[in-house]
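Subject: Structure for your files

Hello,

Here is the structure I promised to send over. Please open it before reading the rest.

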Amino acid sequence: MGTAGFRRSFLCIVRLFAMQWISDKTMSREWRLFRNLERSVSTAEGLAVDDTLPQSVAQHGSPPILHLYTFVPSGIVGKYQDIEAALKIDRCRARKIQYNRRSTGGGTVIMGPEIVALGLGINVDYPGLKKGVGGVFESLSRVLIGALDHVGIQARFQPKNDLEVNGKKIAGLSAASEADTCLLFHTSLLVDFDIGLMTDIMNTPVIKLEDKGYNCFSQRMTTVRDELGRGLPVAEMMEAIKTAFEEGFGIAFREDSPDEWEQDSIRRLIEERYTQDEWIFSHRHPRARMGVGKLKTRAGLLEIYLSLSGASIEHVLITGDFFSTSEDLHRIENALKWTSARRESIESNIAAVWHDDMIYGLDVSTLTEAILLAKQNQVRL
């Protein structure tokens, strides 16, 4: 072997050792924990830290990093949403409520000091993590269900991306591939919640319910404190999440903070993305529209509130004077979220979760007609 061949072989061996070192580090049984109990952070800071997590795992040799924190009162939309359709920007400005766009998908979330924000950067090949976005949701929802169990709440995963307690949403999950084979996973877990703030700044079909809106929302959402009937501190919920991750993945956490490389990344993301209108108000998505459909049926009056993004159902709310349960209505609404608004799609998605007397006296085709009526009455926001 000549000198050039020897050099190529040597560099190849060095590269293999380096890749193995990074792999060993990223598959470490010791994870890092960024836990912020001192203050609620701005949307720009919180989202920039979260975006740095998978980059650090992929490019900086870090083991998985869990970030637990709270935001200042704010509205944050998903990556592909229309922020001006989702939020009343003028009300946010008047109330000094921050607004921003995250890098992961999903719907609008209202955040605040009593809501645990969770960011996780992890290699998608990490042992125990199922494949695909659906698999990741399933794997990590088990951890969060374990965390809620630690504080005395029995929750379950509601596809596509919610955790619920007796049919009421208590947490929403979101994820995106961010860097090479590493993933950013987001969750907001409601320790307590300001429904009044939500109805004031959100521009969703629910707001159109006016007086009925508050009750309707409260029937579909719950919080840790509502379920326990006591004022559980946010710090205690964070500790339960930490313990559940350690149990679920067989790891131990090391309390840490961003190092110099990570701080540079955070600063850059704040300056170049999360304080820039080009990012916050980007319109790579179709503008949203909204419609209301009312239909008298033998089961009672159906009132459907529907928001659409292009040809997809962004959100649907089923109300009226019929008989059903919050759990069953939530299941139907979830089955329709982010699916095609065509008749055959609506009908098949409802049928996939339907059971006898899900809405007493109603059938799938009549419910489909009511949703199509709301679609027919759509107006641009």
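Predicted model: local features only at pLDDT ≥ 70, side-chain atom pairs only at ≥ 80, totals over all residues.

Residues are numbered from 1 along each chain as its sequence is written, and side-chain values use heavy atoms, with hydrogens and water left out.

Cores

A nonpolar core here is a set of buried Ala, Val, Leu, Ile, Met, Phe, Trp, Tyr and Cys residues joined through side-chain atoms within 4.5 Å. Buried means under 20% relative accessible area, exposed over 50% and partly exposed in between, with a 1.4 Å probe and protein chains only. The largest nonpolar core has 43 residues, of which Phe 185, Met 237, Ile 241 and Phe 245 touch the most other members. Among the elements that each supply at least two residues are helix 5 (132-150), strand 9 (168-179), strand 10 (182-190) and helix 9 (234-249); helices (H or I, at least four residues) and strands (E, at least two) are DSSP runs numbered from the N terminus. Helix 9 gives the most, with eight residues. A second, separate core of 37 residues includes Ala 44, Val 49, Tyr 69 and Ile 89.

Thr 187

Thr 187 lies in strand 10 and is buried, at 6% relative accessible area. Setting aside neighbours within four places in sequence, Thr 187 is in contact (heavy atoms within 4.5 Å) with residues including Val 116, Leu 118, Leu 144 and Leu 173.

Helix pairs

Axes are lines fitted to C-alpha atoms, for helices over the stretch in contact, and angles run from 0 to 180 degrees between N-to-C directions. The axes of helix 2 (residues 43-59) and helix 10 (residues 260-274) come within 8 Å and cross at roughly 130°. The two are therefore oblique to each other (under 35 degrees is roughly parallel, over 145 roughly antiparallel, 65 to 115 roughly perpendicular, the rest oblique). The contact of helix 2 with helix 10 comprises nine nonpolar, five polar and five charged residues, where Ala, Val, Leu, Ile, Met, Phe, Trp, Tyr, Cys and Pro count as nonpolar, Asp, Glu, Lys and Arg as charged, and the others, Gly among them, as polar.

For helix 13 (residues 343-353) and helix 14 (residues 364-376), the axes come within 10 Å and cross at roughly 135°. That makes helix 13 oblique to helix 14. Their contact has seven nonpolar, two polar and three charged residues.

Regards
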